[in-house]
Amino acid sequence: MKPAMPPPRGSVMPLPAFSDNYIWAIVRDGQAAVVDPGEAGPVLDMLAQSGLQLRAILLTHHHGDHVGGVLELLRHAPATVYGPARENLPHCDVRLSEGDRVALPELDLDLSVLDVPGHTAGHIAYHGRAAGQEPVLFCGDTLFAGGCGRLFEGSPEQMHASLQKFAALPADTQVCCAHEYTLANLRWAMAVEPANRKLQQWYRQARQLRDEGRPTLPSTLRLELDTNPFMRTQQAEVARAASQQAEGVLDTPVAVFAALRLWKNNFK
């Protein structure tokens, strides 16, 4: 699947990588930044085909499928690397934590940083404006369309709190997830909420997009709040389904989230 070439002014677009990763490219006026380049090839191809200059690399967490292309990209371009303050990265020029900002006027980019531990201990996300598009969220592996990241280093309490930070953002925020997991996630979500008509509609739309070889992303925060069980832990239907699956009473949203995460881990 080839990414569309950016329009003359600017765009935010996913570059397919590996089997199901997306590297997000932020392009404006001959300049580019990329988010989570797990491999360098797709980025180098885009730069060569479009005559773009790489100015910045933004990282959300330390996993190899998000940082593996950084050193090779730096051999080709003197880009500035931004990343989480508390994670071990192959290279990082500017260490970031919640409250920091990344401002790159040449890309019409102004992003605020959120600490979102759960998937990893020091995971961050970027929210704001990129290539003139606003609001946009680069969330790494914290939030997926219809799902969320596995808890490799964090706790259910941390991940639930991180997702609640996202829930407080504007509903029209474009959600730029790092993996094409949408269809599998939505099949699970329909097991949680089989009567959710917005979810059923979204699954049909997502399946058509994939049949056409197109990304299902970006999602929107409004869509996730309407269809993603991990963002809906306070909805009665979701809590009831999680309690039935756990065969016990779940009396807090965090307990509901933990049961949902375990359910999703084992869902076939």
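Colleague: Is R28 buried or exposed?

Modeller: This is a predicted model, with residues numbered from 1 along each chain as its sequence is written. Local features need pLDDT of at least 70, side-chain atom pairs count only at pLDDT 80 or more, and totals for chains, interfaces and linings use all residues, while side-chain values use heavy atoms, leaving out hydrogens and water. With a 1.4 Å probe and protein chains only, under 20% relative accessible area is buried, over 50% is exposed, and in between is partly exposed. R28 has a relative accessible area of 17%, so R28 is buried.

Colleague: Which residue meets R28 in a salt bridge?

Modeller: A salt bridge is a side-chain nitrogen of Lys or Arg within 4 Å of a carboxyl oxygen of Asp or Glu. Here the N to O distance is 3.6 Å.

Colleague: How many salt bridges does the rule give?

Modeller: One of them joins D110 and R101, whose closest N and O atoms are 3.1 Å apart. D110 is partly exposed at 21%, while R101 counts as exposed at 52%. By the rule, the count comes to eleven.

Colleague: How many residues apart in sequence are the parts that E193 and R232 tie together?

Modeller: The side chains of E193 and R232 meet in a salt bridge at 2.8 Å, N to O. Helices (DSSP runs of H or I, at least four residues) and strands (E, at least two) are numbered from the N terminus. E193 lies in the loop between α5 and α6 (197-211), and R232 in the loop between α7 (221-227) and α8, so the distance in sequence between the parts is 39 residues.

Colleague: Which residues does the UniProt annotation "binding site" cover?

Modeller: The annotation comes from an unreviewed UniProt entry; such positions use the numbering here, feature names are shortened, and annotations may be inferred rather than shown by experiment.

Colleague: What is the largest C-alpha distance among them?

Modeller: The annotated residues are spread over 81 residues of sequence, yet they cluster in space. The largest C-alpha distance is 10.0 Å.

Colleague: Where is H61, and which side chain makes a polar contact with its side chain?

Modeller: H61 sits in the loop between β4 (53-58) and α2 (64-67). H61 counts as buried because its relative accessible area is 0%. A polar contact is a pair of N or O atoms within 3.5 Å; within protein, one must be able to donate a hydrogen and the other to accept it, and residues adjacent in sequence count only if both atoms are side-chain atoms. At 3.5 Å, the partner of H61 is H63.

Colleague: Which side chain makes a polar contact with that of D141?

Modeller: D141 lies in the loop between β10 (133-140) and β11 (143-144), and D141 counts as buried because its relative accessibility is 4%. The polar contact spans 3.3 Å. The partner is H119.

Colleague: Which helices do the buried residues of α8 pack against?

Modeller: Helix α8 covers residues 236-246, and its buried residues are V238, A239, A241, A242 and S243. Contact means heavy atoms within 4.5 Å. Those buried residues pack against α5 (182-192) and α9 (253-265).
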